[in-house]
Amino acid sequence: MFTDNKIDGLPLVTKVLSVVPLLIGIGFAMVPVLLFKIIGGILFLFSIAAVTAQERVKVDFVNKKYRHYYKVLGMNFGKWRPLKNFSLITLTLNKSLYREVNYALFQSPALKVPMFSFLETNVNINLKLDNSRLEIAKGKYVKMKQLAIDLGKYNKTDVFDCIHEKKEIIKFKS
């Protein structure tokens with residue numbers, strides 16, 4: 001069993017701004033001078049690379065290895081590392097979303113809206129290693145919880161759901 005999940009990509013603003021060099025590159029490519037065509041082609045490729053860039057993690061549970069890599073223009077850049085024994089699978093809040101929502105929406109103490117009601121849909125799945133953790137997936141709560149449970153069953157490892165105030169341990173160790 002293995003997982004391959006997108007962890008991060010370029011922000012939407014960066015992707016939108018990469019349209020400018022794309023248009024300049026197309027314009028330069030139309031000019032009959034060879035140097036402009038070369039510059040236009042380079043700008044075009046960099047823009048397409050910026051739009052397609054992704055940070056990903058692939059975990060191979062059968063062969064006990066993982067790869068943190070970058071995918072750009074369909075090519076993968078990153079090396080495999082051994083996956084030491086992990087003791088727990090955890091579900092945690094996506095910190096960047098928590099920070100953005102906290103500062104943007106819930107600054108007024110007059111709003112008595114529970115913070116969790118908006119945040120429950122975006123979580124991370126982590127593997128607890130000896131002295132660290134490995135984030136292996138990000139996504140919607142229901143989908144990530146089901147993936148964590150499937151991984152827990154497969155690896156006979158407990159799942160710790162830290163999302164709700166009442167934390168839950170789902171046991172799979174025998």
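**Group meeting: a walk through the model**

Where pLDDT is low, the predicted coordinates should not be read in detail. The chain as a whole averages a pLDDT of 80, and 83% of the residues score at least 70.

Some housekeeping. This is a predicted model, where local features need pLDDT of at least 70, side-chain atom pairs count only at pLDDT 80 or more, and totals for chains, interfaces and linings use all residues. Residues are numbered from 1 along each chain as its sequence is written, and side-chain values use heavy atoms, leaving out hydrogens and water.

Now to helix α3, residues 34-52. Its 19 residues reach 27 Å from first C-alpha to last, close to the 27 Å expected at 1.5 Å a residue; that expected span is 1.5 Å times one less than the number of residues. Which residues of α3 are buried? They are G40, S47, A49 and A50, with buried meaning under 20% relative accessible area (1.4 Å probe, protein chains only). Their cover includes α1 (12-17), α2 (19-30) and β3 (65-72).

Last stop: R56, in strand β2 (residues 54-60). R56 is buried, because its relative accessible area is 15%. Beyond its neighbours within four places in sequence, R56 is in contact with several residues, including D4, N5, R67 and Y69.

Technical notes:
Helices (H or I, at least four residues) and strands (E, at least two) are DSSP runs, numbered from the N terminus. Buried means under 20% relative accessible area, exposed over 50%, partly exposed in between (1.4 Å probe, protein chains only). Contact means heavy atoms within 4.5 Å. pLDDT is the predictor's confidence in each residue, from 0 to 100.
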